[in-house]
Amino acid sequence: MADPGCLAEAEAAGTCPALVLGLNPTLGWRERLRARLAGTGASLWFVAGLGLLYALRIPLRLCENLAAGTSSLISGLIFIFEWWYFHKHGTSFIEQVSVSHLRPLMGGTEHSISEPGSPSRNRENETSRQNLSECKVWRNPLNLFRGAEYRRYTWVTGKEPLTYYDMNLSAQDHQTFFTCDTDFLRPSDTVMQKAWRERNPPARIKAAYQALELNNNCATAYVLLAEEEATTIVDAERLFKQALKAGETIYRQSQQCQHQSPQHEAQLRRDTNVLVYIKRRLAMCARKLGRIREAVKVMRDLMKEFPPLTVLNIHENLLESLLELQAYADVQAVLAKYDDISLPKSAAICYTAALLKTRTVSDKFSPETASKRGLSTAEINAVEAIHRAVEFNPHVPKMESHCLLD
């Protein structure tokens, strides 16, 4: 047994090195050397293994094999770490990093850093998912009139049908279609430029009347009044006809001056957008008032006269009118032109194509026959079209069921 006095002195002043090293002071130097070599045996074997690998690196092609297996090794390590992190914290490490750090860099909302798996983190993730689903708003060419239809909904239900995001998206479209860099040359256009940016509807309407006081032929002022002040479709159509008269006059003037400067070319593009928008809304008024064939003619003429203006999606308004006329062959002709992979998709295109393909096979379809012989090519195409439509926008069937229940 070790001497307590020597142990105390070793702890205080280091006077008993043999005990500190864990060796018996009675052993000779050979025994002590053998004990030291036994303690370092594992290290010597490790060094010898490294030396052997280094010597055989060329015959075994270790560099090539290491480069080829690096990706698999890293993937395995990532998988093991992801499993451990999820098992410990109840959330994915990769998802947490993407939500907390990558989304702000890509323009998303920033979140405060909190511990994974905590209630605050779960609430933030849930709120984030809800916000993303609510903000997925597609430009709607079938949008209703704010004064004649949306306001009527508010009167009946007491609810606001439009969210702030809807209003903001419409304001961006209005500024894109109805403003340009030469608005300062026309005092009425300067007033309307401010009106389109105004959030308060009464202030927008007031600004439209101010623009008409400055210029009685301000087409965009009539457009705003038709969209927001008119309480019936008849009133909206009347104001749009006044806007059409003013818009055609301004459009002819812009055509004559378009080659004078780049500013005049921009002014012509703006006046073209205004004219096409007015005619499109007049066609929608005609359809809502029962003059469907008139609406179809106006839309076809617009698509022939201004084919580059596909941003207004006039073909979707045409599809709506043709479906109301039950002109399914004409609907198929429009889909053949616009249901193309190179063009942006929309719910109207996807669901119209799906319903049209379903209609062709629904009369002769039988579940018993299909279970025996399988689906035909036309039936498979119909099923695939339905899947594509639901994947693009899964909310349409729910909205249709609510409308049927109401």
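Phe177, Phe178, Trp196 and Tyr277 form one aromatic cluster, where rings of Phe, Tyr and Trp (its six-membered ring) pair if their centres lie within 6.5 Å, planes under 30 degrees apart counting as stacked, over 60 as edge-to-face and the rest as tilted. The model is predicted, with local features requiring pLDDT of at least 70 and side-chain atom pairs pLDDT 80 or more, whereas totals for chains, interfaces and linings use all residues. Residues are numbered from 1 along each chain as its sequence is written, and side-chain values use heavy atoms, leaving out hydrogens and water.

By the pairing rule, the count comes to four aromatic pairs. The pair of phenylalanine 178 and tryptophan 196 is tilted, at 5.1 Å centre to centre and 40° between the planes. Because phenylalanine 178 lies in helix H10 and tryptophan 196 in helix H11, this pair ties together parts that are 18 residues apart in sequence. Helices are DSSP runs (H or I, at least four residues), numbered from the N terminus. Phenylalanine 178 is buried, with a relative accessible area of 3%, and tryptophan 196 is buried at 1%; buried means under 20% relative accessible area, exposed over 50%, and partly exposed in between (1.4 Å probe, protein chains only).

The buried residues of H10 are Leu169, Ala171, Asp173, His174, Phe177 and Phe178. Their cover includes helices H9 (146–157), H11 (187–197), H12 (201–214), H13 (219–228) and H15 (262–288).

Glutamate 228, located in helix H13, is buried at 4% relative accessibility. Its contacts (heavy atoms within 4.5 Å) include Arg146, Arg151 and Arg204.

Key: Helix = DSSP H or I, 4+ residues; strand = E, 2+ residues; numbered from the N terminus. Lists of a residue's contacts leave out its neighbours within four places in sequence.
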